[in-house]
Amino acid sequence: MKKRTIGMIVYFLTGAALLTAGFATTEKGLKEDDRKEYERVIEDRKELGDLGFPGFSPLDYKTAFSNGEKDFVIDYRNGEMEITEREAVYEGLVGSIYPNGDEYEVVVPVYETWIATGAHEQLSAVIWHESFHAYQNSCFRLAENSADNGLSETELAERIDRDPEKRSLYEKELEVLGRVADTDKTCDFRQTALEYLRIAEKRDELLSAEEKISEDYYELSEGSACYVESRVVRYENGDAVYEDNYLKNAASYAEGNSKYYHHGMLQCMLLDGLDPEWKSTFAFDCSLDDVIARYCE
Amino acid sequence: MNEILKLENVTKSYKDKTVVDALSFSIGKGEVFALLGANGAGKTTTIKMILGLAKPSSGKIEIADGVKSGYSPETPYFPPYLSAMEVMRYYAGIEGRKKDKEYLEELLDTVGLEDNRTRVKDYSKGMIQRLALAQALIADPDLLILDEPTAGLDALGRKHNLELLRKLKERGKTIIINSHILHDIEAICDRGVIMKKGKVIDSWTNGVSHESLEDKFIRLVGEE
Amino acid sequence: MEISLNVIKEKIRKKMLYITTVLGVLVVMIFSSDMGSLTIGGRQIKDYYVLIPILIHVVNFLSGAIALAMSLTTVPNEYERRTSHLIWSRGISQSRYHMSLAIGNVAVSWISGLILYATMAVFAVVNGYSGMLGRIAAAALLMLLYTAIISMLASALSIIFPTIVSGVIMIILFAGGAFRNILILLAAVLTGAGGTIMKRVIRLFPDLAGLSRQGGNLAQGNPVDVHVIIMGMIVVWIAGIGILFFRRKEA
């Protein structure tokens, strides 16, 4: 046989071997990276428990990893992951909940997309965040009971960003609440709460009814979910990352809707300082301001 | 005389343009054959087809079995950073030959490049032409195809090259020459064909006619 | 062998290799020194262990760019200078000729990439991470695959297309591959037919970003996704098929 023929045979055999190896290593269905993120949630749950919110567990809600075309849904029961595939319920890059009959499901991007966003937090922390929304709505019907006349997060944020007076007082609120995030100083929680409530009361007079309802709603729903997420990141990544990602800029006013996440998270931390057990009776039926006020009476 | 090369109705067209049109000729072993014609007559395309550098659109080119060919292009390019010996070793290597230094030196001596250490970048056009000839001889070819082998050479260089071609002829090599320098053709070639617009318009045999090749060429090609 | 060696010699003699590599080394030095410590998301990254995956992305990208610049013109130059006449007329097949040129291209790209990795290794030692040298060397193997992909694809395309066309195609493939993760993100954000089309198009790009990510994983001692590496090798193999079977009509 000619050298050339032998060379060609070797080349095509190499190709066949590579193609076979390529097929053999192709991940079908749920990818290993996504599975690892969910396994991390399972491990976190063992250590973190319900984080003080009675009955809360991210494992109670089906979690879908979405690539925008397909959802890979994990149903965790009796210590086993059951994985199913379906058409994506949401298009695009989504971290959200999805009402499926009587249940709420968590939908997060697949890991491959998630890391491409350059996000700091683990995808597992996002699962905790979204599953907390599922908890708020499954157990307390938060969305159903609130904000009938509410504004969208974006619209609300734009209105506040544009109004110097409302913005300035919100900055003050954040500044006062920020004391609970200052790890260098000890915080007088009651004093801080009173000071905060005084500013909040003054500011409430400037807000329209829809602005007030909406702000309370987003601080409660997103702020408390951000609070849960921050606890998970602290556990998974340590104090340095937690402080860097959640505390460092929490008290700074940011245009857009992220300020509600931080504001609500700081409110939850203030409540922790006022009474670590505040969550045990909280039914998501009033604003976080109302809960703080109750502890200051 | 044994035929070493035969072209039968060879045509080459590019899109709508026919550059070689139904060309037929044959060359016997040991002959020195001239391809003559003005620029654009189709000589270089013919050479390219013989060498397999271009495929004929139609027709047949037959080269006798076992014939080795060597080619010296009109405008050869050699890497400027190589010396003549490095160029020779490079092409010898490509041909899969043992890089016998003495043999390659001898070839360079034959073409008058005794100093084989100078880099190509310092060579004159004539020296590059000689190097082209030397590399064409590496395989000790039976058929030598030379495109303008004396172009750009000074009088001495031309004389030297013609002598070399004569020696090669004496050694029984078959040579095809494409040249504008009709005086050189008359000095070395046995016969040839005159081409115009891709076609053979006449043939020429050395010493048969009283009319000089130059006169014949001007008469046939010069009249547009 | 001679043809491949000559490609390497030519690139070295023409100083193309030096110029591109010196530029690359400068970039690596800037990124590796305090002066260039990265700020990502408001956080300064000075820890070499954390910096190394980012450095690997940068160095691989530079190596890929050098590979592209050096591989794109090799084949067309051979035909333009008619060196091809002297090769074809010796009965060397186009497959062998083109593959030899491509191997030369790959070798030159590797030399330049390895110089950049050596620079990175020096900075690892300077920063007190000499323990990472072995893993950086392992990551360099993936750079070899990364540059081979670029070099082989550029060589294959340059056989059949004019340099400008193969250049444009290669820049698209290279940029798309190197920033594949960003494209994936864009495709994820896009809804409707646009998103679907984009997801299909992304599959055509070699996963260069994935290879760099695996390089980073290797350097940090994290698990490596073998599938990405195998897919990279398949791209090289396919480019090889192109080199073996793409034909020029004339020398």
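**Overall picture**

Guide: For a chain of 251 residues, a compact globule would have a radius of gyration near 18 Å, and chain C, with 19 Å, agrees with that; the radius is taken over C-alpha atoms, and the globule rule is 2.2 Å times the number of residues to the power 0.38. Please keep in mind that this is a predicted model, in which local features need pLDDT of at least 70 and side-chain atom pairs count only at pLDDT 80 or more, while totals for chains, interfaces and linings use all residues. Residues are numbered from 1 along each chain as its sequence is written, and chains are lettered from A and ligands numbered from 1 in the order in which they are written.

Visitor: What does the secondary structure of chain C come to?

Guide: Chain C has 12 helices and two strands, where helices (H or I, at least four residues) and strands (E, at least two) are DSSP runs numbered from the N terminus. From the N terminus on, the order is α-α-β-β-α-α-α-α-α-α-α-α-α-α.

Visitor: And how many of the residues of chain C count as buried?

Guide: Of its 251 residues, 48% do; a residue is buried if 20 or more other C-beta atoms lie within 10 Å of its own, exposed if 12 or fewer, and partly exposed in between, with C-beta atoms placed from the backbone.

Visitor: Switching topic, which residues touch the most other members in the largest nonpolar core?

Guide: They are M88(B), V59(C) and L153(C), in a core of 131 residues; a nonpolar core is a set of buried Ala, Val, Leu, Ile, Met, Phe, Trp, Tyr and Cys residues joined through C-beta atoms within 7 Å. Helix α7 (residues 133–160) of chain C gives the most to this core, with 16 residues. Because domain 1 (1–67 + 142–224) and domain 2 (78–140) of chain B both give residues to this core, it lies between them; the domain bounds come from an automatic or database domain assignment.

Visitor: What does V59(C) touch?

Guide: Leaving out residues up to four places away in sequence, V59(C) touches V28(C), L116(C), Y117(C), M120(C) and M143(C), and two residues are in contact if their C-beta atoms, placed from the backbone, lie within 7 Å.

Visitor: Back to the domains of chain B, how far apart are the centres?

Guide: The centres of domain 1 and domain 2 of chain B, taken over C-alpha atoms, are separated by 25 Å. Their contact takes eight residues from domain 1 of chain B and eight residues from domain 2 of chain B.

Visitor: How many residues does the contact between chain A and chain C take?

Guide: That contact takes 21 residues from chain A and 20 residues from chain C. On the side of chain A that touches chain C, the largest share, eight residues, comes from α1(A).

Visitor: Last one, where does L51(A) lie, and what is its phi?

Guide: L51(A) lies in the loop between α2 (32–48) and β1 (63–66) of chain A, and its phi is near 60 degrees, a positive value in a residue other than glycine. Most residues other than glycine have a negative phi. L51(A) counts as partly exposed because it has 18 C-beta neighbours inside 10 Å. A22(B), placed in strand β2 (residues 17–28) of chain B, also has a positive phi, near 50 degrees.
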